[in-house]
Amino acid sequence: MRENVGMKHIRNFCIIAHIDHGKSTLADRLIETTQTVALRDMKAQLLDSMDLERERGITIKMQAVRMDYLAKDGQKYVLNLIDTPGHVDFSYEVSRSLAACEGALLLVDATQGIEAQTMANFYLALEHNLEIIPVINKIDLPSADVPKILEEIEQVLGIPAEDCVQCSAKTGIGVPEILEAIVARMPAPKDEHFEGDALKALIFDAHYDAYRGVISYVRVCSGQLKKGMKVKMMSSEQVFDVLEVGNFRPKMTPCTTIDSGEVGYVISNIKGLDDARIGDTMTNDKKGAIKALPGYTEIKPMVFCGFYPVDTNDYPYLKDALDKLKLNDAALQYEAESSQALGFGYRVGFLGLLHMEIMQERIEREFDIDIVATAPNVTYKVTLTDGEEFDLDNPAKFPDRVKIASMREPYMGLSIICQNSYTGTIMDLVQEHRGEYKKSEYLDAERQSFEYLIPLNELITNFFDKLKSRTQGYASMDYWFHEYRESKLVKVDLLINADPVDALSFICHESKSRHIANKMAEKLKELIPQQMYEVVIQGAIGGKIICRESIRALRKNVTAKCYGGDISRKRKLLEKQKKGKKKMKQLGSVSVPKEAFLSVLRIE
C-alpha cells in the first residue's frame, strides 16, 4: 500500500437528510463559503440543475462538486461533496453516493426533528461504515427547539449531543464550523485497493451528451486517470481512449489528472449506452487490476406501468429516451410490450410513484415525446396447478383462474413517525389499506414511531397523499421490502361496449375489486366524451360483471319537422334513428382519452 501525495488533504462526503430539511441550501452555503463559484453566478439550489427539481423544490439527481478550502490549521483541503435526494423513491441515488464517500453530514430540521427518511439514511450510512456528523439546521426559525432535537439525536441515533453542529443554511450561521468539522472528523480516503500501478475507478453515475457521448462520473480508488491513456471496462473488457478528465466546480472543469481518492468525470470515446455501466470498474488497458471493485447491488423495481407513445412513429425515439434515462438513473428498468388499445410501447419498472411521475415528465420535456402511462401495478408470484412458478408484472399475462394454485403479493415494512395526537388516524388509515400492526415506540413526549406490514399494492395508489392530508402534513414515512405472502387476488377487466381495454385492466385484492371497479367506471363516464350512440362501461372478473355505467347517446330531434299529423309518422322516424344508432354502435369505436389511463391513481 502506498500513500498518495496529498491524499490526507482530501475529504469525500455527502449530505443526507429527510426531504425538505435543507440539503441543497446547505450545499449552496458551503459552495459560497469556499468561494467555489463567484457570487454573481450564485443562485438558490445551485446544484439542482433540472427544471423539474427547481419547480418541485426537491432533489432528484445526486450532484457532485469539488471545493478548495483553506482550514484554520493553515492547510489547503480538497472537499468533494455529493448532494443527495431526500425522497424515499430516490434512495438508490443515496446508496450509490455513499459508496463514493468516507463521511456524511446528517441534516436534521430544528423545527421537525428526526423523521422516517432521516432514520433510513442514517442506517444506510452506518452500513457503509461512514463517519457521520449530525447537523441541526434551521436554528434561526422562531419554532426551532434545539435542546429537544439534541436530546432526540442522543436517544434515537445514539450520537452524543456535543458531536452535533448547529447551523442555519439560509443565513450561513455555523457553516464555517461545519467545514472545520469535516476537515477534523472525517477520514481521508485510503489507498486500500492498490495493486502495483493499477488504476481502479468506480463509475458511480453517468450522463449522455449528444456531442461528446457518454460522460462517466468516477471515484478513483487507486492509481491515476489522465488524458490520453487507454482504459478498460472490467465488466465488458472493452478498451477506450480517455479524451478528457476533470472535476465538478460545479460545472465540468477539465484538469490534467484525477488522483487516487478524488472524484471527477471522464470523457472517453464511449458512444454505445451499453458500454458504460454504473457500478463498473475502470482500469488500465495494460497491466490492469485483477479484481473489480464491489460496485452496487442490483435494485429491483417496486412499481410497473406501461409507457406508450401517443404518436406510433415516436416508438424508436421512446427507446432512445429510456436508454439515456437508464444511463442517468440506474434504478430504471424496461422491456418492450404491446397492447391492443395502445399499440407498441414499453413496460417500465420504477422504485415508486414519484419516480414514475418524474420519469414521465422527463421523457415529455427533455425528449419531446407525448406518452400515455397505464395504471401502475406491482410484481406478483404465481404458482400454477402444474407446479410452474412465474413473476407476474403485467395484468395482460394473468393466467386463467382455473389454472392458478396460489398467488403471492409483496408486503412492505412501513415506518411512520408522527405526533401522538394522530395515533388513531394512522391506525384507521393503515387498517383501510390491509396493513398489519407490528410495533410502536415513543421517540419523546410528543412523537412516536409506528411499524407496520402493508401490501405494496395498497401503498402505491395514494396512501402517502392520504397520510399527509389526515395528519396535516406532520407524518413522515419510509418503506422497504419485507416478504411475499399468499393472497386472494383477482384481475378486473374494464369493458367499453363489451370490448376489454387491456391498458385499463388491473390486479387487486378480491375484497376491494368491486369498489375500485365502480370508482373507475364512474371516472371513465366523466372522461369519455358522448358519442352518437350509448356507451356502456362495465367492470368484469372473468365472465362475471361486477359494475356498470352508461353514457347516454347524443340525440338529434328527428321529429322536429313533424307538425302534428299521425303519431305513426313520428314512430317511423324514431325507429329509423334507432336502427342507425344500432348500426353505428356495431361499427363505431370509442376513443379513450389519455387522462383515463391515470384515473386509477386518483381513485379515493
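This is a predicted model: local features need pLDDT of at least 70, side-chain atom pairs count only at pLDDT 80 or more; totals for chains, interfaces and linings use all residues.
**View 1. A hairpin joins strand β7 to strand β8.** Strand β7 covers residues 200-209 and pairs with β8 in the antiparallel sense, over nine bridges. Within this pairing, I203 is the residue that stands opposite V218 of β8.

**View 2. Strand β8 also pairs with strand β14.** Strand β14, made of residues 263-268, runs antiparallel to β8, and five bridges link the two. The residue V218, which stands opposite I203, has G264 as its bridge partner in β14. Strand β8 spans residues 213-222, and ten of its ten residues are buried, so the strand is largely enclosed by the rest of the structure.

**View 3. Four strands form an open sheet with antiparallel pairing.** The order of the strands across this sheet is β17-β18-β16-β19. Strands β17 (333-339) and β19 (371-373) stand at the edges and have a single partner strand each, so one side of each is left without a neighbour in the sheet. When direction is ignored, neighbouring strands of the sheet are turned by 30 degrees against each other on average.

**View 4. Strand β18 pairs with β17 and with β16.** Strand β18 consists of residues 343-350, and its antiparallel pairing with β17 extends over seven bridges. Strand β18 is mostly covered, since six of its eight residues are buried. As a general point, strands of a sheet pair through backbone hydrogen bonds, in either a parallel or an antiparallel manner.

**View 5. Helices α7 and α8 pack on the four-stranded sheet.** Helix α7, formed by residues 315-328, touches β16 (303-309), β17, β18 and β19. The direction of helix α7 makes about 15 degrees with that of β18. Helix α8, formed by residues 353-366, touches β16, β18 and β19 as it packs on the sheet. For helix α8, the direction makes about 15 degrees with that of β16.

Conventions. Residues are numbered from 1 along each chain as its sequence is written. Side-chain values use heavy atoms; hydrogens and water are left out. Buried means under 20% relative accessible area, exposed over 50%, partly exposed in between (1.4 Å probe, protein chains only). Two strands pair if DSSP finds at least two bridges between them. Axes are lines fitted to C-alpha atoms, for helices over the stretch in contact, and angles run from 0 to 180 degrees between N-to-C directions. Contact means heavy atoms within 4.5 Å.
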